[in-house]
Amino acid sequence: MVSPVTVVKSEGPKLVPFFKATCVYFVLWLPTSSPSWFSALIKCLPIFCLWVFLLAHGFNFLGAHSSARKILAGLIFSALGDAFLIWQEQGYFVHGLLMFAITHILYSSAFGMKPLNVCAGLVITAVSSLSYMLLYPYLSGPFTYLVAVYIALIGFMGWRAIAGLQLANDLWTWTKLSACLGAVLFMVSDLTIAVNKFCFPVPHSRAIIMATYYAAQMLIALSAVECQDAEMARKRY
């Protein structure tokens, strides 16, 4: 397994633009009441930086590893979703929901179906069901089924990320842990969005949503570079 020190040295510099862009977002803290292309750019900028982070590993790396390509594609759809959600009050919330639904399908495919880990699947099913039961009384019209489908998709993505982390068998890497934590944070972020939009105002909701969202996307992007780091470790030893 690649050591955390090696990870920081090899991947840290490539993530500096992402951290700077995230700081810019929180420093500017543009009002959500006045959507604009500038506010969309500032919100999407950290995700653009994650595109660059993956592309910095080289086209040969992306060409050789389908999981990395799928995560990059997921980040592209995420940026589109972010842009649509800037104008959610103007009727583009469903468009954003669709973009993130596609993102979760791509991430699920990137994480793969092995190992199956039925126990993790049952836990995620229970959490997803409880989440929908909480939201259901507040939903109406098409959102009754749209939210159900979305919860199923993000829950499936979370299951596939968590399933790969086999701590008991010591069959894990830092990137599998990264994918797991990223998926959980993504679920926390989206549940906060749903509760805040459909149920009741969540204190400091925007800070919670964006902090967990950016952290989730960074961790998922990091999970794509496992193959390259494994090759580096083999060459070293």
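Apart from neighbours within four places in sequence, L75 is in contact (heavy atoms within 4.5 Å) with I47, L50, W51, L54, Y107, Q217 and A221. The structure is a predicted model, in which local features need pLDDT of at least 70, side-chain atom pairs count only at pLDDT 80 or more, and totals for chains, interfaces and linings use all residues. Residues are numbered from 1 along each chain as its sequence is written, and side-chain values use heavy atoms, with hydrogens and water left out.

Helix α4 comprises the 21 residues 66-86; helices are DSSP runs of H or I with at least four residues, numbered from the N terminus. The expected span of a helix is 1.5 Å times one less than its number of residues. Residues are classed as buried under 20% relative accessible area, exposed over 50%, and partly exposed in between (1.4 Å probe, protein chains only). The buried residues of α4 include A68, I71, L72, G74, L75 and S78. Their cover includes α2 (37-55), α3 (59-64), α5 (93-111) and α9 (205-222).

A nonpolar core is a set of buried Ala, Val, Leu, Ile, Met, Phe, Trp, Tyr and Cys residues joined through side-chain atoms within 4.5 Å. The largest such core has 61 residues, of which L50, L54, I71, L75, Y107, L135 and F186 touch the most other members. Helix α9 gives the most to this core, with ten residues.

Within helix α5 lies L97, which is buried because its relative accessible area is 15%. Leaving aside neighbours within four places in sequence, L97 is in contact with L146 and Y150. The C-alpha atoms of L97 and F84 are separated by 8.7 Å, at 13 residues apart along the chain.

A salt bridge is defined as a side-chain nitrogen of Lys or Arg within 4 Å of a carboxyl oxygen of Asp or Glu. By this rule, the count is one salt bridge. The pair is K14 and E11, whose closest N and O atoms are 4.0 Å apart. Both belong to helix α1 (residues 4-28), and because they are three residues apart, about one helical turn separates them. An α-helix has 3.6 residues a turn, so residues three or four places apart point the same way. K14 is partly exposed, at 28% relative accessibility, whereas E11 is buried, at 1% relative accessible area.

Terms used:
Helix = DSSP H or I, 4+ residues; strand = E, 2+ residues; numbered from the N terminus.
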